[in-house]
Every structure is written in C-alpha cells, then in structure tokens.
Amino acid sequence: MNDGVTAKLKNDAGDHINHSYNGARFMEKEMIIVLDFGGQYNQLIARRVRECNVYAEVHPYTMSLDKIKEMNPKGIIFTGGPNSVYDPASPTYTKEILEAGIPILGICYGAQLMAFLAGGQVKTAPVSEYGRTETFIDAIDEEDGVLGQVSLSSSLLFENIKPTINTWMSHTDYIAELPEGFHATAHTNDCPIAAMENEEKNLYAVQFHPEVMHSEQGQDILRNFVYNICKCAGDWQMASFVETTVEALRKKIGKGKVLCALSGGVDSSVAAVLLAKAVGKQLTCVFVDHGLLRKDEGDEVEAVFGPEGNYDLNFIRVNAQERFYLKLAGETDPERKRKIIGEEFIRVFEEEAKKIGAVDFLAQGTIYPDVIESGLGKSAVIKSHHNVGGLPDYVDFKEIVEPLRMLFKDEVRKAGLELGIPEYLVFRQPFPGPGLGVRIVDDITIDKVRIVQDADAIFREEIDKAVKEGKIKNPPNQYFAALSNMRSVGVMGDFRTYDYAVVLRAVCTSDFMTADCTEIPFDVLQKCMNRIINEVKGVNRVMWDLTSKPPGTIELL
C-alpha cells in the first residue's frame with residue numbers, strides 16, 4: 001500500500017480499516033524501487049522496467065533506508081526532478097544509501113544527486129540542454145582529462161549500445177566534477193559528464209532520460225541495468241500474476257461477501273472477472289448508471305454482464321441519473337465534481353450492500369496511473385481519481401479490495417487476455433469513472449449531457465469507419481468528444497445562433513502516462529464537424545485538440 005493515497009476509511013465502530021488489497025504485493029518476486037524526487041517521468045520509469053519483465057514500484061524519496069532494505073529490492077532508480085541539489089530546500093537522501101550494497105541508477109536530477117552525495121560537484125550548466133541531444137558513449141582519461149572513445153565491453157550499463165546515440169535531455173544543472181571512484185562514460189557537445197559509473201559499488205548515473213521513447217536505445221540501457229547490474233531473472237509475468245492473484249483473493253476473502261463497482265470498462269471488468277474466478281457467487285457486481293455514460297452504454301454494459309450475458313455474475317443495475325444530476329447541479333470545479341461523483345458512488349454501493357445483506361469487501365478497478373496521478377507521497381496531485389482521491393472519509397465496508405492497483409493499463413489488458421475476456425472488451429476505449437462529468441467543462445445539465453453524448457457517438461463512429469478504411473495510419477488509443485464552456489455566434493441557414501463549441505480529441509499512447517495527438521486526415525475531421533453541427537442541436541462550432549500529455553492530460557478535466 002502506498003503512503004499518501006490511503007483513504008481514511010472507518011467501520012461502524014469508528015476504527016480505521018484496511019485499504020486496498022493488491023495482487024502484486026502477495027507475490028514473492030524480485031523488485032526494483034523507483035525513488036521519486038518529483039520527476040514527471042517517475043511512473044514511466046517503472047513501466048519501462050516492467051517491460052523488461054522485472055517488477056517495479058514508485059515510492060517517495062521520503063521512504064527510509066530501513067524500509068527500503070526491508071523490501072529487499074534488487075536495485076534502486078533515482079528519478080529526475082525540477083530542483084537543484086545544491087539548494088538546501090531540495091529533496092535529498094542520506095548518503096548511506098550509496099553504501100547499502102544495492103545497485104543504483106540515477107537519472108537526470110537523480111544522477112546529480114548521486115554525484116552530490118558521493119562528494120562530486122554539481123553546478124549550473126554554462127549551456128542548458130533540452131530535447132533530443134547527440135550523446136557520445138566514451139570515457140574521460142583520468143590522467144589528462146581528454147575525452148576519447150573507449151571499448152564498451154567493460155561498461156555493463158552500455159553493453160551493446162552504439163557509440164553515438166540521440167538521447168532526451170532536460171537539465172539546467174550538470175555534474176561539474178566527478179566524485180572519487182567514478183569515471184565518465186558519456187558526454188555531449190555541451191555536457192562533459194552525460195553518464196558516470198562506479199562499477200565497484202554498482203552505482204551508475206545518466207544525465208539523460210532513457211525511459212522516454214525519444215532516447216535511442218533507452219530501453220536497452222534500462223534492460224542492461226536490471227539484468228547486467230541488478231542480476232534480475234525477469235520473473236514478472238502476467239500469467240503468474242493472474243494465477244497468484246486469484247489464489248490470494250480466495251484466501252483473503254474467505255467466505256466473505258464482495259461488492260464490485262462495475263462500470264463495464266476494461267479495469268473494472270478485469271477486476272470483476274478476477275474476483276468471480278476467486279469467489280464466484282460471493283461476488284455481487286453493481287453497475288451504477290449515473291447518467292454520465294456514453295450514448296447507449298448503460299444498455300451495452302447490461303447486455304454483456306447482465307443475466308443474458310457471458311459471465312456467471314450477480315449483476316445489479318442501478319439507474320441513478322437524477323440523483324447524480326441533483327448532486328452536481330451548479331458545480332463547475334472539476335475536482336469538486338470528481339469528489340461528488342466518487343462519494344455518491346460509494347453511497348449507492350452502501351445502499352445496495354444493505355439490500356443484499358452484510359458485505360465485507362468493496363472491490364474497485366483502481367490501477368497504478370490512478371494512484372500516481374492522485375498524488376504519491378510527496379508527488380504533486382495531478383487530479384483526484386474517483387476510486388482513489390475521490391473516496392469520502394467514511395465508507396461502510398470493512399475493507400476495500402483493488403486487485404489491479406499496481407498495474408499499468410497495458411498490463412491490465414494482458415491480464416484480461418489471460419483471463420479469457422474477449423478482445424473487444426479488453427481493448428475497449430478507456431472511460432473515466434466520473435464519466436462525462438470530466439468531459440463537460442463548467443456545470444452539468446441534462447441538455448449538456450445529451451449534446452456531448454450525441455457528438456461523441458458521431459465522432460467515434462467516423463473514426464472507427466476511417467480506421468477500417470485505412471485512412472488513419474496510426475489509429476488512436478482513445479478518442480472522444482467533450483463539451484467546452486464556450487458559446488459563440490454562428491449562422492445556420494438565415495438564422496443567428498448562439499451555441500456551444502464541441503472539442504474533439506484523439507491520442508496515441510501505449511501506457512496512458514504519455515500521449516501524442518493522433519494525425520487524423522482533414523477530410524475525416526471535416527466530416528465529423530459537418531455531422532456534429534448538422535445533427536446535434538445546440539452546437540455551432542467544432543474544435544480539434546492538438547495537445548500532447550504532458551503538458552496536458554488525456555481528459556480535459
């Protein structure tokens with residue numbers, strides 16, 4: 001369980017209760033700890049390590065060395081961060097971590113921190129480096145300080161890495177003087193120490209970001225760290241996760257009853273099937289139609305998971321549209337909307353639980369990006385997710401079960417395939433728990449919900465058609481219409497209109513931690529625009545969102 005995101009849950013006696021079973025922690029496995037110093041790519045580092053079939057978790061830099069040793073990691077990665085190591089207020093760590101006998105890789109700020117703790121010097125760089133940078137794998141001759149090409153067979157980190165690679169840089173400070181026992185292994189035209197290592201102590205550092213796709217052979221460098229240096233075996237396999245999680249859930253729940261929050265999305269669906277395999281009819285899945293779903297989605301979810309569907313589940317549909325609309329009336333702040341929706345979800349579940357009798361566990365489809373973006377320890381809160389930061393202070397269940405809490409989205413899909421869930425469900429587009437509540441800017445009304453549902457249905461229909469016809473070379477992973485709070489003057493026929501602007505968004509992403517805008521042919525966008533304006537009452541303008549993540553998020557709110 002991660003410090004900093006635990007909800008304050010209490011039972012009827014007022015005692016704090018346990019929050020979040022997660023399957024990963026019940027597995028005996030090797031682990032890499034990603035120590036977060038505030039970098040924007042912390043979760044991406046963990047995901048890249050997992051792509052090497054090695055389990056990784058992100059923890060705040062405030063985690064004690066004793067706690068780290070207790071977790072017995074095979075290695076540690078220091079993340080980047082926006083601070084300067086010579087600033088007394090910046091995040092730091094005890095230098096004893098360098099003597100703990102655990103292999104460490106420092107990235108960007110993490111590299112500078114390693115140098116600083118080991119007695120080197122870090123200064124403001126004469127020339128800052130940002131973006132793609134040509135990087136030369138080499139060494140500094142200790143006698144004359146001359147940079148020169150060396151044999152890389154002795155560098156475990158750069159084994160089979162080309163002599164010259166393009167890497168992604170993002171730094172203002174630089175390592176000005178190597179610590180004792182270290183030697184440089186890379187440089188750029190403006191950065192004399194782009195990488196360094198102390199092989200004897202298993203300490204390695206790179207000034208660039210190997211975890212981002214822009215860094216050439218970056219994944220190979222991380223693989224070299226976890227296998228060559230940390231000596232990992234690569235035991236993080238989805239098949240073993242599914243098998244172990246089902247057994248652990250069965251043991252954890254025993255004869256207890258479980259209430260599962262089922263939205264029909266991939267996360268809650270995989271969680272529900274895991275639980276069904278573990279405890280069968282002890283599980284009741286509650287699908288709350290809060291009136292903020294995509295067009296006709298409530299009926300589609302019931303068709304799949306209901307009595308006539310493919311799964312042996314206890315399924316209850318709760319039509320609570322009016323209830324949610326009343327709670328959200330007049331609310332414009334996106335965080336408040338998330339909190340309201342999250343709390344109302346819990347209240348509905350409590351009521352359903354009382355109808356079916358005593359329920360011991362509440363199950364949710366929380367995944368790792370939800371946890372991280374809601375604030376991990378000292379990390380910044382990007383947004384509260386309704387099943388993490390959106391939980392109210394009081395919940396009438398003994399314990400919350402979140403079997404997917406430590407999985408990234410692509411790992412959840414792999415788990416779904418392992419469970420035998422049909423591909424059309426596994427690869428269904430993600431949909432946020434708060435639904436259209438975070439796709440409607442400003443206050444929520446029934447009419448606005450109708451507008452965004454109709455516009456979204458048209459957009460998704462046209463994108464799906466264009467993909468089937470081969471018009472879109474790199475199909476988006478997520479695409480939707482949102483409703484802005486902008487109203488503008490338009491002309492339809494001979495009449496003046498004053499209506500809303502719809503925002504269309506389509507992104508390509510492998511992990512939903514970073515994303516780029518998808519290239520959609522202009523004729524496809526133009527057809528979407530014409531159909532939306534002609535077919536959706538209340539819209540006279542359509543906009544195309546080009547923003548990547550970062551700096552934006554995939555959802556508008």
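1. In this predicted model, F324 has a relative accessibility of 1% and therefore counts as buried, the cut-off being under 20%. F345 is buried too, with a relative accessible area of 11%.

2. The Y55 ring belongs to one of the seven aromatic pairs that a search of the whole structure finds; its partner is W236, and because the ring centres lie 4.8 Å apart with the planes at 55°, this pair is tilted. Y55 is part of strand 3 (residues 55-60), whereas W236 sits in the loop between helix 4 (218-229) and helix 5 (238-253), so the contact ties together parts that are 181 residues apart in sequence. Both Y55 and W236 are buried.

3. F324 and F345 also form an aromatic pair, edge-to-face in this case, with 5.8 Å from centre to centre and 65° between the planes. Since F324 lies in helix 8 (residues 321-328) and F345 in helix 9 (residues 334-356), the pair ties together parts that are 21 residues apart in sequence.

4. Elsewhere, ring pairs link F37, Y61, F78 and Y109 into a cluster. Two arginines should be noted alongside the rings: the charged end of R439 sits over the ring of F480, 3.9 Å from its centre, and that of R487 sits over the ring of Y500, 4.9 Å from its centre.

5. Strand 5 (residues 104-107) is covered on both faces, with I104 and G106 buried on one side and L105 and I107 buried on the other. Strand 5 pairs in the parallel sense with strand 4 (residues 75-78) over three bridges, and with strand 12 (residues 203-206), again parallel, over four bridges. L105 is the bridge partner of I77 and, towards strand 12, of Y204.

Key
Residues numbered from 1 in each chain as written. Predicted model: local features only at pLDDT ≥ 70, side-chain atom pairs only at ≥ 80, totals over all residues. Heavy atoms only, no water. Buried < 20%, exposed > 50% of the residue type's maximum accessible area, 1.4 Å probe, protein only. Helix = DSSP H or I, 4+ residues; strand = E, 2+ residues; numbered from the N terminus. Pairing = 2+ DSSP bridges. Phe/Tyr/Trp six-rings, centres within 6.5 Å; stacked < 30°, edge-to-face > 60°. Lys NZ or Arg CZ within 6 Å of the ring centre and 35° of its normal.
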